[in-house]
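Please consult both while reading the points below.

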Amino acid sequence: PKVTRRDRDRAQALYRKAEAKRAAQDVDGAIALYPGAEAADPGLAEVQKKLALCYQLKGDRKRAAERYRKYLATGPDDADRVRAVLSTLQ
């Protein structure tokens with residue numbers, strides 16, 4: 001399905017709210033918001049990395065690894081660094 005400008009704007013707004021929660025140490029609040037951003041714009045790869053980080057902070061290695069792998073599938077510029085983090089989770 002085509003992502004509209006409105007979808008992208010909604011995704012960015014949810015992403016910013018999730019980032020604010022994470023910055024305020026509200027990891028559960030961030031985890032609750034990131035999937036909405038992902039649903040609005042599945043191409044927003046950064047959501048995968050941030051969700052992985054949140055799961056990692058909670059000690060959920062399996063979910064963190066899954067999200068890091070999804071992020072790596074997007075071909076990010078920081079792939080080497082993310083692979084290094086991922087290797088510590090497996």
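The side chain of glutamine 48 makes a polar contact with the side chain of glutamate 38, at 2.6 Å; a polar contact is a pair of N or O atoms within 3.5 Å, where within protein one must be able to donate a hydrogen and the other to accept it, and residues adjacent in sequence count only if both atoms are side-chain atoms. This is a predicted model, in which local features need pLDDT of at least 70 and side-chain atom pairs count only at pLDDT 80 or more, while totals for chains, interfaces and linings use all residues. Residues are numbered from 1 along each chain as its sequence is written, and side-chain values use heavy atoms, with hydrogens and water left out.

**Overall architecture**

- The chain has five helices and zero strands; helices (H or I, at least four residues) and strands (E, at least two) are DSSP runs, numbered from the N terminus.
- Read from the N terminus, the order of elements is α-α-α-α-α.
- The radius of gyration is 13 Å, close to the 12 Å that the globule rule gives for 90 residues, so the chain is as compact as a globular protein of that length. The radius is taken over C-alpha atoms, and the rule is 2.2 Å times the number of residues to the power 0.38.
- Along the principal axes, the C-alpha atoms of the chain fill a box of roughly 40 × 30 × 20 Å.
- Among contacts in the chain with a separation of 6 or more, 44% are between residues 24 or more positions apart; contact means heavy atoms within 4.5 Å.

**Surface and charge**

- Of the 90 residues of the chain, 41% count as buried. Buried means under 20% relative accessible area, exposed over 50%, and partly exposed in between (1.4 Å probe, protein chains only).
- The accessible surface of the chain comes to about 5,600 Å², and carbon and sulfur atoms contribute 50% of this area. Accessible areas come from the Shrake-Rupley method with a 1.4 Å probe, and for residues only the protein chains shown count as cover.
- There are 20 positive and 13 negative side chains, and the centres of the two sets lie 2 Å apart. Lys and Arg count as positive and Asp and Glu as negative, whereas His and the chain ends are not counted; each charge is placed at NZ of Lys, CZ of Arg, CG of Asp or CD of Glu.

**Helix α3**

- Glutamine 48 belongs to helix α3, which spans residues 46-58, and is buried because its relative accessibility is 6%.
- Beyond residues up to four places away in sequence, glutamine 48 touches Glu38, Arg67, Lys70 and Tyr71.
- Lysine 50 is also located in helix α3 and counts as buried at 13% relative accessibility. Not counting residues up to four places away in sequence, its contacts are Tyr15, Glu19, Arg22 and Tyr34.
- Glutamine 56 lies in helix α3 and is partly exposed, since its relative accessible area is 29%.
- Apart from its neighbours within four places in sequence, glutamine 56 is in contact with Ala64, Tyr68, Val85 and Leu89. Its C-alpha atom is separated by 16 Å from that of lysine 21, 35 residues apart along the chain.
- Leucine 57, likewise placed in helix α3, is exposed, with a relative accessible area of 56%. The C-alpha atoms of leucine 57 and glutamine 25 are separated by 9.9 Å and are 32 residues apart along the chain.

**Loops and the N-terminal segment**

- Glutamine 25 sits in the loop between α1 (5-23) and α2 and counts as exposed at 68% relative accessibility. Its phi is near 70°, a positive value in a residue other than glycine.
- Aspartate 41 is in the loop between α2 (27-40) and α3, and its relative accessible area of 11% is why this residue counts as buried.
- Setting aside residues up to four places away in sequence, aspartate 41 touches Val3, Arg8 and Ala11.
- Threonine 4 lies in the segment before α1 and is partly exposed at 35% relative accessibility. The C-alpha atoms of threonine 4 and aspartate 41, 37 residues apart along the chain, are separated by 8.6 Å.
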